[in-house]
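Please look over the sequence and the model shown here before reading the report.

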Amino acid sequence: MTYSVAVSGASGYAGGEILRLLAAHPDIEIRTVTAHSSAGQPLVDQQPHLRSLSQLTLQHTTPEILAGHDIVFLALPHGESGQYTDALGDTGLVIDAGADHRLTSAQAWEDFYGGPFHEPWTYGVPELLTASGKQREKLHGARRIAAPGCNASTVSLSLAPGVAAGVIDPGDIVSVLAVGPSGAGKSLKPHLLGSEILGSANPYAVGGTHRHIPEIRQALAALRQAQEPSQAQPDGIRISFTPVIVPMARGILATSTAPIADGVSDAEIRAAWQSAYGDETFVQLLPEGHFPRTADVLGANTALMGLAVDRAAGRVTVVTALDNLVKGTAGAAVQSMNIALGLPEDRALTVNGVAP
Ligand SMILES: NC(=O)c1ccc[n+]([C@@H]2O[C@H](COP(=O)([O-])OP(=O)(O)OC[C@H]3O[C@@H](n4cnc5c(N)ncnc54)[C@H](OP(=O)(O)O)[C@@H]3O)[C@@H](O)[C@H]2O)c1
């Protein structure tokens, strides 16, 4: 069976990457691409690298144009997806790359985003541990999927094994991330001009204001449910989260640390991550003493992780690299789509990066 697909936000970074991956997917026919200010233009005017889709023209993003496809991808600025949900009621599968359907707490939405709160959809991070197994199990047959925030999924994947196994204290997490500016989208923003970021590392959303914080707390708090029901609220998770924009188009390198739980051995710590990801294709723990570079995962649907037990500091350090546009968004969306449809999970996705 071939599934017809519409991709909204097709002129943007996330939409463009979804299209790049879907263009190589044998079960998908990309029928419709939509945008906003660039509607009416050939897709390749906005996405010159997508040569195999040069026959497509960007249409306006309306419920009528998106309806009538087997699968719809929404890759719109946050707050814009919710208005299409009702109109797409008959659509078999809708995958939102935006934040509108990620959070379960209306209060967290209000605190970090504002505007109308929309119902949470199945979270599209297959390898993420849950209280009962892996998120993958919830994606089988799902009809509505919320792809993750790129920084959020990087940090959640980094720390979930330690939280689930009880080998770290999630009440004192510190994450500092080097991120490429594509994570902020393609629209013109003066602080993202080449002249502002080339040769400079620029911190932003410092001091607990970044919108991905509640998403991380939600993912990690859900894990504690199994261990300590009283700690199941996101308040049981405390995270200091600081992203720094660095001059690389794509990529995230997240360094996360948390205190070592009492009485836990180094071997038990490493075993927690090994047992969580040892059988995974797209999330890999590197051997002891090895740490990833963003260059190793560019273009790949891969999160690479290095782990160190810092006894002097009393903390576990996890360094994770992923491509924000692939594993952090479009790859997660396509992987989740494959699972939802019962297709091989890795279809149209590669574990190999582009080097040098
Ligand atoms: N970039 C990432 O690494 C990343 C990672 C994870 C999740 N996401 C999420 O993916 C979504 C898209 O992000 P992006 O980085 O691709 O942003 P982007 O590059 O700025 O693209 C935004 C897209 O949305 C369209 N658009 C803008 N306003 C619209 C409106 N009012 N109605 C309909 N379409 C509208 C734009 O069309 P025109 O260009 O024609 O105006 C463009 O196609 C966001 O919710 C973001 O949080 C992004």
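The report below takes up the basis of the model, its domains, a helix pair and a set of paired strands.

## Basis of the model

This is a predicted model, in which local features need pLDDT of at least 70 and side-chain atom pairs count only at pLDDT 80 or more, while totals for chains, interfaces and linings use all residues. Residues are numbered from 1 along each chain as its sequence is written.

The chain is divided into domain 1 (3-148 + 327-341) and domain 2 (151-324), with bounds that come from an automatic or database domain assignment. The centres of the two domains, taken over C-alpha atoms, are separated by 24 Å. To the contact between them, domain 1 gives 23 residues and domain 2 gives 34 residues, where two residues are in contact if their C-beta atoms, placed from the backbone, lie within 7 Å.

On the side of domain 1 that touches domain 2, the elements giving two or more residues are α5 (106-112) and α11, and α11 provides the largest share, 6 residues. Helices (H or I, at least four residues) and strands (E, at least two) are DSSP runs, numbered from the N terminus. By class, this side of domain 1 has 12 nonpolar, 8 polar and 3 charged residues; Ala, Val, Leu, Ile, Met, Phe, Trp, Tyr, Cys and Pro count as nonpolar, Asp, Glu, Lys and Arg as charged, and the others, Gly among them, as polar.

## Packing of α1 and α11

Helix α1 (residues 13-22) packs with helix α11 (residues 326-341) at an angle of about 50°, and their axes are 9 Å apart. Axes are lines fitted to C-alpha atoms, for helices over the stretch in contact, and angles run from 0 to 180 degrees between N-to-C directions. The two helices α1 and α11 are therefore oblique to each other, since angles under 35 degrees count as roughly parallel, over 145 as roughly antiparallel, 65 to 115 as roughly perpendicular and the rest as oblique.

The contact is made by Ala14, Glu17, Ile18, Leu21 and Leu22 of α1, together with Val326, Thr329, Ala330, Gly331, Ala333 and Val334 of α11. By class, the contact of α1 with α11 has 8 nonpolar, 2 polar and 1 charged residues.

Strand β12 (residues 283-285) pairs with strand β13 (residues 303-310) in the parallel sense over 3 bridges, two strands being paired if DSSP finds at least two bridges between them. Leu285 has Met305 in β13 as its bridge partner.

With strand β14 (residues 315-322), β13 pairs in the antiparallel sense over 7 bridges, and Ala308 stands opposite Thr317 in β14. The hairpin of β13 and β14 has 4 residues between the strands, and in this hairpin Gly314 takes a positive phi near 70°.
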